[in-house]
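Thanks for making time. I have one model to go through, and I will keep to the local details. Please look at the screen while I talk.

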Amino acid sequence: MKLVRPNSIPLIDDAWIKIRGITEDRLIRMAGDAIAEEILSLPVKGEVLVLAGGGNNGADGYAAALALHAHGIKVSVVDVFGKGQRSEGGRAVLAEYRDTVGDARGIDVLNTESGAAVIVEAVMGSGAVGVLSERAREVCAWLERQRGYKLAVDVPLGVDADFGEVTEGALHADATLVLSLPKRGLYSYPAREYCGRLAYADLGIDATAFADCFAGETVDREFAKAYLPHRAQNSHKGSFGRLHVFAGSRKYRGAAFLAAEGALRMGVGLLTLTTEEAVIQTVGRRLPELLFDETAPIASWTCEEMTRKCDACDTATAVLVGPGAGVSEALYTFLSMLVQRKGAPLLLDADALGAIAAYAPDVDAFFASAKRPLALTPHPLEFGRLIGKTAEEVQRSRMRLCMEYAERWGVSLLLKGAGTLVCDKERLYINTTGSSALAKGGSGDVLSGAVGALLAAGVMPTEALALGAYLHGAAGESLASELSEYGVLPSELPRRMAKLLRQIK
């Protein structure tokens, strides 16, 4: 699904009014009808209370009240700011509401408990950002105390529909009806948590007419089908990529295994694993398909050894460094040499990111000066270490920070977590799959292996990250449907991802 920024909506609405030859008042009525239809479809039945602001969002609320009244529903509207409606179309629908239903109620309603079965929040809409006003905070606090079903129109009060951030005191809606075109911030966390169930009404607007306004995309099955690499029958093992993986250590032997199986199940043709003898003994028994490059622990590598390892990567079509490799200054030195050599895409995960955060004198310069394509897969704590923020700060501004640093560093960046984000300096993808079933050590190693295989097969870095995240999350969901979100093991993910590939193709 294509996503837009909320500041595009007024332009889109105005253009659609001209394209369709309709009036602003008619578009407001269409929005009101959509809100009313959503309410009528709810299992909750009874009186409806609408909280309306003075802008277009409030006008949609009045139009919804009129539509509900026409269906015989008892409905009333609260004029939250006591100033009526600002736009011509809004004043027209307000006048009809007064003639048909009666005067709007005052804000003193918030001094009592509401007996309404459904409460519609149509106070400010998607254009509102920043700290809530005192009145808006009062409205949110009152809404949080009510037992009625809370439906937000377009965006819950206090939620930023652009970057998915949430201000203090924001409304937790039971559902949000997104009008016109979907706003990108609502599909990302933490905003997604405050939206409740997301419903969508396009108001008849043809999204293809506004392709220039697209500012993101959700990753779904159709995306996966479009970007999954083709496998010709007249082929050989070299046809599907050569992946070189630096992973595993005596302490983290399983990380190398999980990354390797993730890559093999994703279809890579040849996989060389550079790792310690103890890891080879463990992994080799379970994955005889691998090629092994036995080495001493990375922490003990000399410059000559690092040069040989860099040379070994020259024939690869993708390189993965990090899972379970152990954070060390030597690993950072090796990475510094590797990024300065032109070559295949380099995927940096786990301890590779930890080494950069710990030892790079200038993280920005390290990434920005790279001579080969870079893809990064940090979780919030790892990302925070790279940019000098806490994991909590990262989580509060996931999209804004992900986009900022992908552009600053010139990399393809995947930020793990609910609603995994993938972006580069031009594109933004929001993953739609996944659950708490994936919140186990080793899950990320499977993801990095799968993405490495896609890179090796020739998928562009940003799309490889997005496709890997989708399949990884879908596999977790599929397994959780059988085992519960508690009982899924990361080692079960590669095989389930392979089954999903068959279904998609």
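I will begin with the overall picture and then go through salt bridges, one threonine, a helix pair and some backbone details.

This is a predicted model, so the local features I mention are limited to residues with pLDDT of at least 70. The protein chain has 505 residues, and 57% of them count as buried. Its secondary structure comes to 19 helices and 17 strands. Taken along the principal axes, the C-alpha atoms fill a box of roughly 85 × 50 × 45 Å. Among the contacts with a separation of 6 or more, 74% are between residues 24 or more positions apart.

Next, Asp-311 and Arg-341, whose side chains form a salt bridge at 2.8 Å, N to O. Asp-311 is in helix α10, and Arg-341 is in the loop between α11 (329–339) and β13 (346–348), so this pair ties together parts that are 30 residues apart in sequence. Asp-311 has a relative accessible area of 39% and is partly exposed. Arg-341 is also partly exposed, at 23%.

The remaining pair is Arg-496 with Glu-482, at 3.1 Å from N to O. Arg-496 has a relative accessible area of 13% and is buried, whereas Glu-482, at 54%, counts as exposed.

Some of these bridges share partners. Asp-293, Glu-305, Arg-308 and Lys-309 are joined in this way into one network.

That brings me to Thr-295, which lies in the loop between β11 and α10. With a relative accessible area of 11%, Thr-295 is buried. Which residues does Thr-295 contact, leaving aside its neighbours within four places in sequence? They are Thr-274, Thr-275, Glu-276, Glu-277, Trp-301, Glu-305 and Lys-309. Two of those names, Glu-305 and Lys-309, also belong to the salt-bridge network. The side chains of Thr-295 and Trp-301 are joined by a polar contact of 2.9 Å. As for Thr-274, its C-alpha atom is separated from that of Thr-295 by 6.6 Å, although the two are 21 residues apart along the chain.

On to helix packing. Two packed helices are described by the angle between their axes and the distance between the axes. For helix α14 (residues 380–387) and helix α16 (residues 398–409), the axes come within 12 Å and cross at roughly 50 degrees. An angle between 35 and 65 degrees falls in neither the roughly parallel nor the roughly perpendicular class, and α14 and α16 are therefore oblique to each other. Their crossing is left-handed. On the α14 side, the contact is made by Pro-380, Phe-383, Leu-386 and Ile-387. On the α16 side, the residues are Arg-398, Leu-401, Cys-402, Tyr-405 and Trp-409.

Last, the backbone. The peptide bond from Tyr-189 to Pro-190 is cis, with omega near 10 degrees. Pro-190 lies in the loop between β6 (175–179) and α6 (191–195).

Which residues have a positive phi without being glycine? Asp-154 is one of them, with a phi of about 75 degrees. Asp-154 is found in the loop between β5 (149–153) and β6, and is buried, with a relative accessible area of 8%. Ala-350 is another, with a phi of about 50 degrees. Ala-350 lies in the loop between β13 and α12 (351–359). At a relative accessible area of 15%, Ala-350 is buried too.

That is what I have on this model.

Conventions. Residues numbered from 1 in each chain as written. Predicted model: local features only at pLDDT ≥ 70, side-chain atom pairs only at ≥ 80, totals over all residues. Heavy atoms only, no water. Salt bridge = Lys/Arg side-chain N within 4 Å of Asp/Glu carboxyl O. Helix = DSSP H or I, 4+ residues; strand = E, 2+ residues; numbered from the N terminus. Buried < 20%, exposed > 50% of the residue type's maximum accessible area, 1.4 Å probe, protein only. Contact = heavy atoms within 4.5 Å. Polar contact = N/O pair within 3.5 Å; in protein donor to acceptor, adjacent residues only side chain to side chain. Axes fitted to C-alpha atoms, helices over the stretch in contact; angles between N-to-C directions. Parallel < 35°, antiparallel > 145°, perpendicular 65-115°, else oblique. Left-handed = near helix turned anticlockwise from the far one by under 90°.
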